[in-house]
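Try each task before you read its solution.

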Amino acid sequence: MKRHLVIALSTALLAAPPLSPISALADSTASTALNSQSSTTWSENQVPTFKNVSVHDPSVIKVEDTYYVFGSHLQVAKSKDLISWNSVASGVTDDNPVVPNVTKEFAEALQWAQTDTLWAADVIQLADGKYYMYYNACKGDSPRSALGVAVADNIEGPYKDQGILLKSGMWDEISEDGTIYDATKHPNVVDPDVFFDKDGKLWMVYGSYSGGIFILEMDETTGKPLPNQGYGKKLTGGNHSRIEAPYMLYSPETDYYYLYMSYGGLGADGGYNIRVARSKTPDGPFYDAEGNDMIKVMADKDKPLFDDQSIEPFGVKLLGNFLFQRQIGDPGTGQGTGYVSPGHNSAYYDEESGKQFLIFHSRFPNRGEEHEVRVHEMHMNSEGWPVVSPYRYAGIKGDTLQVTAQNAAGSYKWVNHGKDITAEIKPSQIVQFTADGQVTGAVTGKWSLQGNNKVRITSNDVVYEGVFTQEWDSDSQQNVLTFSALSSSGVAIWGSQMIALKDQDVVLAVKKDLNLGNTENIFFDLSLPTTGTRDSQITWKSSLPSVLSADGAVNRPRSGKGDAKVKLTATIRKGTATATKTFNVIVPEQAKGQLLGEYTFENKKLAKIAEDYSKNSYHGQAFNILSSAIGSKNQAAAFNGKDSYIQLPGILTDTTDFTFSAWVNWDGGGAWQRIFDFGNGLTRHMFLTPSQHNGALQFTIHDQGRDQSLIAAEALPTKQWVHVAVTLQGDTGTLYVNGKSVASSSEITFNPNDLNVTDAYLGKSRYAADPFYQGKMDNVKLYDKALSAKEIQRQAQVKP
């Protein structure tokens with residue numbers, strides 16, 4: 001149950017360009033030597049079984065032995081252990097079991113907010129045993145919002161509406177406090193968190209952007225605000241500062257109320273981060289670690305909207321964008337463990353164990369806008385501030401953890417979260433803790449144990465107070481020693497102890513892990529790594545530097561010269577230890593002519609092969625594609641909208657200027673289907689969709705967090721053959737329908753060959769949530785030049 005020691009959550013609005021992948025060079029498991037070199041074994045490893053769930057803005061409540069999180073879009077999930085989560089409900093639709101007929105039940109709020117969805121809900125159980133859901137709806141592009149309450153006998157519903165409690169965004173009209181609504185001073189009535197204080201009094205803290213964070217006294221018998229409070233008492237924020245998602249948690253250990261908030265923007269490029277301030281009373285005043293009164297924290301009204309620089313010095317920043325980088329030769333796979341825009345948290349205090357947990361959603365490096373719930377344990381440092389454990393909670397038993405100077409000595413991945421609000425991902429650095437208290441490596445200073453596994457770290461005259469803990473590292477698949485500490489200015493540092501390795505083991509681990517991926521068709525520059533784990537060095541030698549240089553630059557042979565075969569040899573060094581590894585690389589010759597690929601789908605094997613009728617033979621692979629007769633002599637490719645697509649060679653995009661031309665017959669359906677989607681992961685790609693969320697044909701080229709788009713006035717016509725084309729020439733992009741320009745821009749500065757395309761799809765998006773294309777395609781052509789308007793018109797006149 002949510003009681004006076006435990007408080008619930010709030011919401012946010014629904015990315016730093018993610019770091020470039022450490023490369024395809026680090027996707028193998030590390031050397032088995034790592035398994036025998038663990039520096040410290042704290043206890044028998046208990047391998048946790050994580051089951052992830054996506055709930056945006058998760059607000060926690062415990063009912064008997066089960067934890068529930070309620071979030072935006074009426075998403076609900078539950079867990080017995082905070083590790084394995086199961087979805088209960090999702091979507092503001094009338095078949096959602098938590099609020100059946102929700103569009104009618106919450107009709108007043110949805111209509112006021114002019115929206116079809118809900119933001120972050122918060123649920124609490126009151127003295128009558130019933131569950132009170134504080135729901136809210138917001139227009140999104142303004143603070144026009146409604147906040148209400150619904151009641152149920154069961155935590156999973158069904159909830160029945162008890163009416164709207166607050167409204168905001170009534171421009172030029174009287175607001176809840178009797179004055180004309182002013183968004184710079186009055187709140188956006190979203191992100192509620194209802195909680196009991198230590199004396200059993202009920203409160204609600206809420207607010208997002210706009211006028212700031214507010215608190216109201218509540219009636220514990222009705223669950224509604226006590227009368228004559230207006231919007232309540234302001235705690236912090238204002239002038240549209242990007243502060244939102246307040247959540248209150250009382251700590252009996254320190255006798256403080258901790259006000260958690262999210263700063264920045266919640267998207268993958270928004271720099272979302274979690275901060276905290278504290279007070280002896282639930283309604284403030286709240287102060288940060290430097291003693292700043294949070295009531296004074298707000299955006300500069302003389303600067304543009306959402307000015308972050310004026311608020312980022314304030315509040316204790318607990319975590320933001322970071323990456324514990326997995327270097328080549330480290331255990332695990334991929335790039336490491338990290339978060340992008342973690343935020344909109346709730347928190348929980350377990351009275352029996354005395355443990356505190358931070359529950360939030362996060363995005364992840366190189367995964368775009370995908371988000372999942374994460375739970376981390378928190379501990380109080382010697383100054384009475386919560387520090388967040390670096391790794392997600394895994395339920396391991398750390399009761400016997402006894403840290404000494406000897407077992408704490410070693411190499412650590414070190415992350416400094418800083419105080420800024422930034423889309424930049426803070427990468428880890430390598431430092432060493434010596435047994436005699438020195439810190440060396442990327443950071444220098446001193447460290448010392450303070451008793452009860454607490455630690456003090458001093459660097460550049462800054463003192464950090466924190467705690468050593470035992471955490472589960474998913475990369476190494478074992479328990480590791482970590483630390484989390486805060487400076488007196490409210491900056492968090494994290495450390496994760498690394499496995500001890502001798503120099504020879506280092507080079508062998510790097511050699512085994514070093515991987516260039518598929519080297520049979522290398523047409524773009526390779527990002528050849530020069531360092532591996534433990535600062536090992538990697539140098540390269542090429543057997544044919546005129547085609548593939550030692551720094552990875554590719555110069556394809558001229559057309560007619562044939563493909564080039566190159567040997568790339570890596571030499572790995574650590575101290576006096578060395579090892580070598582050789583890769584065989586094929587660099588294809590340049591294309592034969594400006595028509596790169598032509599797909600008319602006439603071949604009888606279309607179910608498996610999409611034959612290229614250009615001179616280049618860039619054949620594609622078809623998946624669940626059927627031939628659809630257009631006439632007695634012509635066939636088209638039919639896409640079923642479920643699992644059919646064609647994968648083309650990425651080499652078709654090895655060009656600066658570009659044309660995609662095709663005839664399509666779209667059946668209609670869900671937004672964000674793809675006519676084509678060419679790219680490399682989620683950070684670099686270009687696509688053409690017949691209809692995006694606003695119902696418009698759209699081409700977008702995306703590179704490292706930035707979009708450049710061509711958007712038509714309407715969606716592609718359905719149930720008829722339509723000619724579509726995209727041309728890129730210099731910085732000018734043009735989108736055509738039936739030979740006529742429907743969108744153009746002179747600010748398309750990204751080029752197809754910037755994308756290093758590894759996956760080129762017809763009919764499929766690289767985002768799993770997007771629907772497959774449903775309809776037909778014919779006469780797909782790709783060029784390494786921009787066809788002229790007249791050339792496009794001529795193609796549009798020849799129907800399939």
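**Exercise 1.** Find how far apart the centres of domain 1 and domain 2 are.

*Solution.* Taken over C-alpha atoms, the two centres are separated by 34 Å. Next, pick out the bounds: domain 1 covers 403-497, domain 2 covers 503-587, and domain 3 covers 595-796. Those bounds come from an automatic or database domain assignment.

A quick note on ground rules: this is a predicted model, where local features need pLDDT of at least 70, side-chain atom pairs count only at pLDDT 80 or more, and totals for chains, interfaces and linings use all residues. Residues are numbered from 1 along each chain as its sequence is written, and side-chain values use heavy atoms, with hydrogens and water left out.

**Exercise 2.** Work out the strand order of the open sheet of 8 strands.

*Solution.* Strands here are DSSP runs (E, at least two residues), numbered from the N terminus, and two of them pair if DSSP finds at least two bridges between them. The order reads S35-S36-S39-S48-S41-S42-S43-S44, with antiparallel pairing. S35 (609-610) and S44 (706-711) are the edge strands, since each pairs on one side only.

**Exercise 3.** Trace the pairings of S48, then step on to S42.

*Solution.* Start with S39 (residues 645-648), which runs antiparallel to S48 (residues 759-762) over 3 bridges; there, Leu648 has Ala760 as its bridge partner. Now take S41 (residues 676-680), joined to S48 by 4 antiparallel bridges, with Phe676 partnered by Leu762. Finally, S41 pairs with S42 (residues 684-689) through 5 bridges, again antiparallel, and Gly679 sits opposite His685.
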